[in-house]
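Keep the structure in view while reading.

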Amino acid sequence: MSILTAAIAIIAAYLLGSISFAVVVTRALGIQDPRTYGSGNPGATNVLRSGSKKAAILTLLFDALKGYIPAVLALWLAPLLGWSAYVVAGVALGAFLGHLYPVYFQFKGGKGVATAAGIILGLSPLTGLAILATWLLIAVVFRYSSLAALVAAICAPIYYYFIQGYPASMPILVAIIIIVVLMIYRHKQNIQNLLAHKESKIGKKKE
């Protein structure tokens, strides 16, 4: 295994993940920067509070793709370049950390929901679909994006383990667990708001 190619892949995944499409899309469409209203989070849910469904959908799509593409490419290149599952896991984490701590935006990024979904969908399509179904169910019933994200995140490693079968790839499973822990940490304010019944529901416009 070439350490150099593995390192380049992980760094490239981080740099791709660092692109904040919430900022890019809103600037391109002439919409107010999502970091200046609502939760201040550069993510699709907060962009939706601008009233632009188009901007929110584009942000969601591109944020998911910047996680999906590195994960799929890493799995495809692994046997060709002799990469182990550790490199694939490293690429997945690189893309996710790029979204959370983007080098282009003073290391202040989003909460990683769409990017995490894209990563897991790329690593295990069935697991990704199960997570998306879980998110959709909770979001439709309770109308809280953060609650849906938290429930889906907690289910992610469980789904991966059972869908991939035993033994699931441990490096990738550990990477998913790390992603889940980081997501929960980034949602700490949302958790407090949910407990205090102050969390904004999906579709609520900016104040």
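An axis here is a line fitted to C-alpha atoms over the stretch of helix in contact, and an angle, from 0 to 180 degrees, is taken between N-to-C directions. Two packed helices are described by the angle between their axes and the distance between the axes.

The model is predicted. The protein chain averages a pLDDT of 93, and 97% of the residues score at least 70. Confidence is highest in α5, at 97. Confidence is lowest in helix α3 (residues 44-48), at a mean of 88.

The helices treated below are α4 (residues 53-81), α5 (residues 85-100) and α6 (residues 113-123). Their packing is set out by pair.

| Pair | Angle | Distance between axes |
|---|---|---|
| α4 and α5 | about 165 degrees | 9 Å |
| α5 and α6 | about 165 degrees | 9 Å |
| α4 and α6 | about 30 degrees | 7 Å |

**α4 with α5.** Angles over 145 degrees count as roughly antiparallel. At about 165 degrees, α4 and α5 are therefore roughly antiparallel to each other. α4 passes α5 in a right-handed crossing. On the α4 side, D63, K66, G67, P70, A74, L75 and A78 make the contact; on the α5 side, V88, V91, A95 and H99 do. By type, these residues are seven nonpolar, two polar and two charged.

**α5 with α6.** How do these two helices run relative to each other, roughly parallel or roughly antiparallel? With an angle of about 165 degrees, α5 and α6 are roughly antiparallel. Their crossing is right-handed. From α5, the contact takes in V88, A92, A95, F96 and H99. From α6 come T115, A116, I119 and L123. Seven of the contact residues are nonpolar, two are polar and none is charged.

**α4 with α6.** Angles under 35 degrees count as roughly parallel. The angle here is about 30 degrees, so α4 is roughly parallel to α6. The crossing is right-handed. α4 contributes L60, D63, A64, K66, G67, Y68, A71, V72 and L75. α6 contributes A114, T115, G118, I119, L121, G122 and L123. This contact divides into 10 nonpolar, four polar and two charged residues.

Some residues turn up in two contacts. D63, K66, G67 and L75 of α4 touch α5, and these α4 residues also touch α6. V88, A95 and H99 of α5 meet α4 and also meet α6. T115, I119 and L123 of α6 are in contact with α5 and also with α4.

**The record.** An unreviewed UniProt entry lists residues 55-78, 85-104, 116-137, 144-162 and 168-185 under "transmembrane region". In the model, residues 55-78 are 100% helix and 0% strand, with end C-alpha atoms 35 Å apart. Residues 144-162 are 95% helix and 0% strand, and their end C-alpha atoms lie 27 Å apart.

Definitions and conventions
Residues are numbered from 1 along each chain as its sequence is written. This is a predicted model: local features need pLDDT of at least 70, side-chain atom pairs count only at pLDDT 80 or more; totals for chains, interfaces and linings use all residues. Side-chain values use heavy atoms; hydrogens and water are left out. Helices (H or I, at least four residues) and strands (E, at least two) are DSSP runs, numbered from the N terminus. Angles under 35 degrees count as roughly parallel, over 145 as roughly antiparallel, 65 to 115 as roughly perpendicular and the rest as oblique. A crossing is left-handed if the near helix is turned anticlockwise from the far one by less than a right angle, and right-handed if clockwise. Contact means heavy atoms within 4.5 Å. Ala, Val, Leu, Ile, Met, Phe, Trp, Tyr, Cys and Pro count as nonpolar, Asp, Glu, Lys and Arg as charged, and the others, Gly among them, as polar. UniProt positions are given in the numbering used here, feature names are shortened, and annotations may be inferred rather than shown by experiment. pLDDT is the predictor's confidence in each residue, from 0 to 100.
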